[in-house]
Amino acid sequence: MSDPVSALNGASFDGLVTLRDRGPMGMITLRGDLGSGVMAKAVDKALGLAIPALCRIEPAKGVCQGQSAWMSPDELLLIMPYGQVGAALISLTAGLEGQHYLAQDVSDARALISISGPDALVREVMAKVTPADLHPDRFKTGDFRRSRLAQAAGAFWMPEAGRINVVCFRSVATYVFDLLSAAADPASAVDYFR
Amino acid sequence: MSTRLATGGRLLNRGKQVTFRFNGKYLKGFEGDTLASALLANDQMLMGRSFKYHRPRGVVASGAEEPNALVGLGKGARFEPNQRATTTDLFDGLQAESQNHWPSLEYDIGAVNTYLSRFLPAGFYYKMFLYPRAFWKHVYEPFIRKSAGLGKAPTDADADSYEHFNATVDVLVIGGGVAGLQAALVAGRSGAQVIVMEQTAHWGGRAAVDGGTIDGQPVGAWIATVVSELETMRNVTLRLRCMGAGVYDHGYVLAYERLRDHAPEDDGPRHRLWRIRTSQIVTATGAIERPLSFAGNDIPGVMLAGALRDYAVNWGVSVGDRVVVATNNDDAYRTAITLKGVGLSVPVILDARATGGGALAEEARGLGIRVENGKAIAKVKGGKRVTGVAICAQAGEGAVLEDLACDAVAMSGGWSPVVHLWSHCGGKLIWDADQAMFRPDPNRAPTGADGQAMVIAAGAANGALDLAAVLADAHKAGEAAATATGRTVKAGEASKADDMAYAPIAPVWVMPQGASYALRSKSWLDFQNDVKVSDVQLAAQEGFTSVEHAKRYTTLGMATDQGKLSNINGLATLAKSLNTDIPSVGTTTFRPPYTPISMGAIAGEARGRIFQPLRRTPLHDWHAEHGAYWEPVGHWRRPYCYQRAGESIHDAVSREVKQTRASLGLLDASTLGKLVVKGPDAGRFLDMLYTNMMSNLPVGKCRYGLMCSENGFLMDDGVVARMSNDTWLCHTTTGGADRIHAHMEEWLQTEWWDWKVYVANVTEQFAQFAVVGPNARKVLEKLGGMDVSKETLPFMQWVEGTLGDLPARVFRISFSGELSYEIAVPASHGCAFWDRLMVEGAEFGATAYGTEALHIMRAEKGFIMIGDETDGTVIPQDLGLSWAISKKKDDYIGKRGQQRSHMTDPNRWQLVGLETVDGSTLPDGAYALADGTNANGQRNTQGRVTSTYHSPTLERGIAMGLVLNGPARMGEVIEFGKTDGTSVKARIVDQVFYDKSGEKQNV
């Protein structure tokens, strides 16, 4: 089988911040009753993940390398290594047997770009393209937002200070990457976040 | 003569000389100059020609309100018209051109219009040029367009870059004068998140020019202290050269930051548009001085009193050795005192008030300046610059008492608070008769989402004109804003300035009060649009009693300055003409932006490569490398065809169709919408969305379905595949994916919220390819891994498995009439799979085909296309698709609509095939001609072409169209009109042109 090729195929850019294509990433859209015990158990069993709170992303416990992000009152985005999606779907299907839910592999429908650099600049570059409030008091490590990246839909979160990961649809990956590259033009610092 | 003074100029760096060009002439200024101050320092009083009469005009103000000194700035890709010289910071190498004159600024032929002014009164467009009708378009309009106008549009693409920036704060303070700084200080100390912005390059506003003491220190020192305290606060952001442009609903504010206008060669964005969401807005936007309406008030050298003061104090510029001051308030005395202080002569102060001024008047007298109470200017003398004034009594009709030589006139009709930002989002005003001004009504502030006030006006913008009052008001505003955001303001004393005794202003709307028509017709209200007192009076006389009507009739306040100087004077004149009071006339509407902002700033980063999101399939680069001639489909780019060297587009399309029909064609169909619908109620849901049944589709099978709007019109189609007991996969059109997804969610969230159905849009998860042609099966068999034989995988079935070594879904569906498979593989493997298909298909001459070949092949088979056969007015029954409408179902979306009388009318045009008698291709959209004409004298019609192509397979033109009683008229020849007036004959035929029995797809 051929190796999976991400939309940006390893692109990177250095400016105010560093942009990097994170390559193929496993992602599952999971819709269902997020408040139910069965759901919590199934997600935990499949990936060792907890149900995230509103607008938050939860890192995996223990050895698993996954994350679960809050997308809407009845939707999660589960993130994991590309190769683990098949097994995770099987486990979720078993765990949610008899429940009303939907689990779909969306790994190939997405692109994942990481923005890293000085924390203030990472926020600044993002603030040029999204209306979400990125002030350090209100957008912290572990916060997750579904918003707009200029004219495209996108979601992003802060895994640690000085880094924001951006998820967008595969078809607009080049647009979003070019957009962020323009926002990271070295002569365009705003000097806003301190 | 205007000139540079030997000393002074607090904003100048006299150590750094700067060279610039004006109308090709090399001139010198200093760092810190504006273009206006530098031009004045070079005795360039004449800066432009007026809009309508081409009158010589000089600068009248010193800031954003300037109506006259507009220039074309820069060259080529950096040229911009209508830039105000007063807000343009001087830089080395600046190039400016004056506007609206021919052949030159000094000798302008258009100035003859001023002698024609009798024929160009208010509303002249409407009056003079009504007859004959044709003259308007061919004679009058071209003439007016040529003679009236401001700058020229740029011809080159803008060389600069622009960007947006989003910020969310508690308190936004607009204006960095003492009021803004004081309000920001209070809010900042409370811990609130604050942005304070100032449109000029300097903090402190007018106060630094007007002087005074705050907390015992000179104003300048106080400003520096406050700014440095604000700079140390982490929760406060200060931005210079940043203008609050507009206030919108829910605390949304646009601000316009000019980053590189003063240094255009530097890297980085030129302008930045701030998109600010804030809880509270403090408008500390100051006030604008009003001109006085006397004859000749537009002659270069007549300026606002405050502006004359600014030029002397800020830039060390004298506008003239002898300056006459005309005023109706105390503030203008400051100009006289300042000018006297720098060694210039003030021959007289004409105070229109019979009782004269207060403490400042005493001070002026003390300096030996002649002060005349109750006196006015009858007229200003001079042409391209002031040579003198004729003095009269304000109370009279203008009989000249005395002629006085002078070089400049400083006028002040009082100050108008800048209420624009307060008013943008619905803040109301009250008329303050004592101060002769409209000011914000604190009881009717613009309100936010919670119904509470979101804007607080502070300082001069709130009608507090005296320094002490400004500080107290701004302190209160800062406190109120911080408190409204839930902060606690520590008790502290507001900064204090000394009180001063002022004599009240006397409203003076025309000078002298009984001015004759001759004088009034030379008294300008709107300098930029050439509107005079007599024009507004004429409008009133002709019945334009509403201020909004009078504005449009006279064009008062409609120029690029939006009447910053003229509005109040204009509506006061209107009020007087209507014999009513000013508040009952009211103001015109204040709309954003406060001053013009660049188109670049509005567009932000959205240009060039990132003008719009361009959606790319996994094969995008492959297409580009193989000669794709692109077609935009929604935001996608799809190959229309693949052009080979030396091939025309028509040739390429023909080759693709023929090769597909003959052997093997491959299509990138990844853009097709793919929606997964799952849940116990999914079948029931799909039965409502589609006109036919989907709940009874067996697992593993496919069915073509139609979706209608509530009104019954066909809006999308596609193949539905049953994945499992509770899961369906719905294919939509390329353009329909997001729309139909939203349509489904809307019904689920608003109407059938209790149905257990989830929908996911997985369009981009898969790369999907059509493998089409007699050799399609052979290629898949070569790839191996899945049985795709006729027996195992018959037409309209699908199967999931491994093809080659990739996970794949194979759908046996056909949109071309050939043996055809659509194969979906994970998008990340799309390119690799396509390459495999090309390699394995090479022996069959595998040919990539584009959307045009796709369209032709479907048309040859008589399949409809959403957007061609449908246009939002077509129902499935029009298209012979009744077979796809379930009779068994109680309901589906659109059913009721389709039962309405007009939908069941037997005379609705019906789909048929069309073959031209001569074999030519019918023009797209052509109408079928019927006998006679309709009530409008137009030819009657009986049908129209919906799709038309040259068929490479049949080597003739084929078309589909909607025709009156079409299916009953098979074989009949009708005529279609062409745009050249001729017509072409076509025979009504069955719309399936190719392989009517369907043998080819079913092998």
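This is a predicted model: local features need pLDDT of at least 70, side-chain atom pairs count only at pLDDT 80 or more; totals for chains, interfaces and linings use all residues.
Is B:Gly957 buried or partly exposed? A residue needs 20 or more other C-beta atoms within 10 Å to be buried, and B:Gly957 has 19 such neighbours, so it counts as partly exposed.

Zooming out, chain B has 25 helices and 51 strands. Its C-alpha trace spans about 115 × 70 × 55 Å along the principal axes. Chain B contains 1003 residues, and 54% of them count as buried. Of the contacts in chain B with a separation of 6 or more, 67% are between residues 24 or more positions apart.

Most residues other than glycine have a negative phi, and most peptide bonds are trans. B:Ala436 is not a glycine, yet its phi is positive, at about 50 degrees. This alanine is in the loop between strand 28 (429-432) and strand 29 (437-440) of chain B. B:Ala436 has 23 other C-beta atoms within 10 Å, so it is buried. B:Asn965, also not a glycine, has a positive phi of about 55 degrees. The loop that holds B:Asn965 runs between strand 49 (956-964) and strand 50 (973-977) of chain B. Here the count is 16 C-beta neighbours inside 10 Å, so B:Asn965 is partly exposed.

Cis peptide bonds turn up in chain B as well. One joins B:Met511 and B:Pro512, with omega about -10 degrees. B:Pro512 belongs to the loop between helix 11 (467-484) and helix 12 (517-520) of chain B. Another cis bond runs from B:Pro592 to B:Pro593, and its omega is near -5 degrees. B:Pro593 is in the loop between helix 16 (582-585) and helix 17 (599-603) of chain B.

Next comes helix 13 of chain B. How many of the nine residues of this helix are buried? Seven of them are, so helix 13 (residues 533-541) is largely enclosed by the rest of the structure. The buried residues are B:Val533, B:Ser534, B:Asp535, B:Val536, B:Gln537, B:Ala539 and B:Ala540. They pack against helix 12, strand 31 (524-526), strand 32 (531-532), helix 14 (547-554) and helix 15 (567-577) of chain B. After helix 13 comes B:Gly543, with a positive phi near 100 degrees.

Then there is the meeting of the two chains. Chain A brings 40 residues to the contact and chain B brings 41. On the chain A side, the elements giving two or more residues are strand 3 (26-31), strand 7 (102-105) and helix 4 (173-183). Helix 4 of chain A gives the most, with six residues. By type, the residues on this side of chain A are 20 nonpolar, 11 polar and nine charged.

Finally, what about the nonpolar core? In soluble globular proteins, nonpolar side chains tend to be buried together. In this model, the largest nonpolar core has 361 residues, and A:Val176 and B:Ala183 are those with the most contacts inside it. Helix 11 of chain B supplies the largest share of this core, nine residues. At least three residues come from each of domain 1 (12-23 + 109-183) and domain 2 (26-108) of chain A. Leaving aside residues up to four places away in sequence, A:Val176 touches A:Ile113, A:Leu149, A:Ala152, A:Gly154, A:Val166 and A:Cys168.

Terms used. Residues are numbered from 1 along each chain as its sequence is written. Chains are lettered from A and ligands numbered from 1 in the order in which they are written. Helices (H or I, at least four residues) and strands (E, at least two) are DSSP runs, numbered from the N terminus. A residue is buried if 20 or more other C-beta atoms lie within 10 Å of its own, exposed if 12 or fewer, and partly exposed in between; C-beta atoms are placed from the backbone. Two residues are in contact if their C-beta atoms, placed from the backbone, lie within 7 Å. Ala, Val, Leu, Ile, Met, Phe, Trp, Tyr, Cys and Pro count as nonpolar, Asp, Glu, Lys and Arg as charged, and the others, Gly among them, as polar. A nonpolar core is a set of buried Ala, Val, Leu, Ile, Met, Phe, Trp, Tyr and Cys residues joined through C-beta atoms within 7 Å. Domain bounds come from an automatic or database domain assignment.
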